[in-house]
Amino acid sequence: MSGREERPDEGVAGPDQPGPLDGPVSRRWFLNRMAWVSSAAATGTLLSRAPAVASPGGPVVTEEAFGQAVRIQDVGDLTELTLSQSMTLVRNGSIRPRDLVEAHVDRIEAFDAEFYRAYAARPTREELLAEAERVPAGGPDAPLRGIGLVPKDNFYTADLLTEGGSLVFEGFQPDYDGTAVTLMRAAGGVVLGKGQMGNLAGGRAQVYGTTTPTTRNAWTPEDVRYSPGGSSSGVATAIAARMAVAGVGTQTGGSVVGPGTAQGLTCIKPTFGRISLHGVIPLSHTRDHVGPMARNALDAAILLQVLAQPDPMDPRTLGLPRPPNYALAATPFGGERPRVRWPTRVGVWPGYLSDDDDGESRLRRDLVAELERTPGVTLVGEVSLPDDFDVLTSSPLGGSHGDPTAFFIEHLRRDVRLFGDRLPRFLNGMLQSADSYVKVQQARQLLLGRMTSQLFNQCDVVLTPSSGAFDGTGLPVMCFPIGFDTDEETGRRVPRGAIVGAAPFGEERMLAVAAAYQAVTNFHRERPADPMR
Amino acid sequence: MQVPTTPASPTDEELDRYILTRYALMGIDISVLPESDPDAPMDQRRLLANGRSILRQDVEAADFTIDPQLHLPQLYPAPFTAWVDEDEE
C-alpha cells in the first residue's frame, strides 16, 4: 500500500467542497492512464497537430477568479491592479482592455531602461493597443482581456524574437506561438514583451555572451550586486515593478521560485506535465516546467487555470487528471479569520527553522507561527527525509548532465563560444556514459516514490529552503513573500519568500495555504519604489 | 589465467586527451576558446576541469547500487510513477 492511501486526515472543509486532487489519484488511475496513453500513441492521436486551445480540459476560469471587488476611483494607477481585479473591472465595464494595456506601456516606456531592461523584445505601442482592441480567439468574454502578460524569452512567439538570453538564438524568429503563449492570447491576454532571462535558462540575465548583468531586481534597481534571481529574471522584475500584471517563466532548477522569492512574488511550478512545453526552448526533457508568476496566490491560480490544458503537441500533458478549480483553492473562506479550504498538514524541512537571530530566520519563525494560527492547518513539525535522500539529490545521481547536450549539438559544432559561461552545461553531457544516465533516471524514480511514500505520508505540504528535490522529481512547488530583510552584502531592504512543496497534483493544497496566509498579511501587496530617472 | 586487477585511475592528462578526442569525434572545436583566461566567459582550462569532473562522477554513479528490477515505466519519469512502489509486485 502506498503512503497516499494511509493519510488519516483526508477530508473536506464543508459539505459542498470537493476534496483536493492530491487525494483521489490512485494506482488504479495510473494504470488506466498508461493504457490510454499507450493506445493513443499506437493510433497516432498523440501526434495530432490540432491546436491546444481547441481541446481544453478542466474548468475554465470560474467565478471565484473575479472575487476581488475594487472601485476604479480607489485605484490611482491601473498598473497596481491585480490580475483578478483587472478581470473584474474589464468585465463590469469600468475599464477597457485598452486602458490597461496603455497604462502598462506607459510604465514600461518610463522605467524599463532604469531596470536595465526587464524586457528583451517588445511590440510597438501601436501594435499592443491594436491587439487590445481585437476580439481574442476565446471570444469577447475571454477572461484575460487587456491583461498585460510577460512570457520569458524562451517561449516561442510568432511576432517577437525568441533569443533565450543567448548568442545561440540571437535573431531567432519562430513561426508560431508556443502553446502557453497561444493559450494566454486566446484568453485575451496581451503579450507586452519577452522577459529577459539567464543565458539558456541558467543564472541571472546577462548581456549575451558575457558575464555582464542586465536586468536589475525591482527592489534594488540602483544596485547591480543584488540579483533579480535567475533564470526568469526579466519576468520577475517586470511583474514586481508593475510593468506587467503576471507572466510565465520556466523552471528546470529553481528558475521560477528563485526570482519569485528574490522579488516578493507568488509563483507556482506545477506538477510535471501540467503545462505544455511545446514551443519552449528545451533544456531538460525530464525536468523543464512552465510556471505562472504573479503577485498573489489567486492571480497565480488564474494563470495556472488558463495554462493547465492537455496539448496534443506535448505528450507529457496528456492523460493527466482533469485540472481542478485552482481559483477556488486560492480563495480562503469563513469566519473572522479565513481558513484553508481543506484540512492540511504542514511539515517543516529539517533545519528550516533555527534559533538564529538573522532576519530570514525570524521571518521563517513568524511564518510558521502564522500558519499555526490558521484554521484548518495542522503543523506537524520537522519531517524526516526519505531514505538515501542526500545521495539521490546530489550529483551525479541528482543531476541531468546529458539532457541539454542532445538538443544543442548543431550549435556546439557551429561555435562553442556562443554558449558563453554556460558551455560546460551543454557540452559535457556528452561525457556522461549511457549506463550512468540510466542510473540517474532510476535514482530519480526512486526519489519520487520515496518523496511520496516516505515524506508526504507525514504531511500534505512542506516548507523547504530549496526547490531542489521538487525539480528532478516533477513535484509541485510554489513561493510567496513572507516579509522584508536587510541584505548583508548591499545593506538594502529586500523581500524574502517561503518555498512550499507538495505531493503530485498538490497545487490546490499549496495555493490554499498561500491564500490563507495572504488573507492576513500584506507582504504581497508591497510595491517597490519607482527608480530614480 | 590472468586475474583481473583494478586499473590505475587515469591522470588528468589522460582524461583531457579522452575529452578532446570525444569532442573531435563529434566535430566540436574548443580551440577557439582562450586557453586560460579567468576574465573570459569560458576558457579551455575550466572546460576541461569540468569535463574531468563529469567523467569521474560516472564512477560514483556506477558505485551506487540500485535494484536492477527497478524498471523505468516510461520515457518521462513523470509524477504518476510515484504510485508504483518499490516493494509492489
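Begin with chain A as a whole, where 78% of the contacts with a separation of 6 or more are between residues 24 or more positions apart, two residues being in contact if their C-beta atoms, placed from the backbone, lie within 7 Å. This is a predicted model, in which local features need pLDDT of at least 70 and side-chain atom pairs count only at pLDDT 80 or more, while totals for chains, interfaces and linings use all residues. Residues are numbered from 1 along each chain as its sequence is written, and chains are lettered from A and ligands numbered from 1 in the order in which they are written.

Colour chain A by secondary structure, and 17 helices and 10 strands can be picked out; helices (H or I, at least four residues) and strands (E, at least two) are DSSP runs, numbered from the N terminus. Of the 533 residues in chain A, 59% are buried, where buried stands for 20 or more other C-beta atoms within 10 Å of the residue's own, exposed for 12 or fewer, and partly exposed for the range in between, with C-beta atoms placed from the backbone.

Next, look at the backbone. Most residues other than glycine have a negative phi, and most peptide bonds are trans.

Select A:Tyr116 in the loop between helix 3 (97–111) and helix 4 (125–133) of chain A; this residue, which is not a glycine, has a positive phi near 55°. A:Tyr116 is partly exposed, with 19 other C-beta atoms within 10 Å.

Move on to A:Ser231, which lies in the loop between strand 2 (190–191) and helix 6 (233–240), and display the peptide bond that joins A:Gly230 to A:Ser231, which is cis with omega about 0°. A:Arg242 is buried, with 23 other C-beta atoms within 10 Å.

Then go to A:Pro396 in the loop between helix 11 (389–393) and helix 12 (402–407) of chain A, where the bond between A:Ser395 and A:Pro396 is cis, with omega about 10°.

Finally, show both chains and select their contact, which takes 52 residues from chain A and 35 residues from chain B. On the chain B side, helix 1 (12–25) and helix 2 (44–63) each supply at least two residues, and helix 2 gives the most, with 10 residues. Colouring this side of chain B by residue type gives 25 nonpolar, five polar and five charged residues; Ala, Val, Leu, Ile, Met, Phe, Trp, Tyr, Cys and Pro count as nonpolar, Asp, Glu, Lys and Arg as charged, and the others, Gly among them, as polar.
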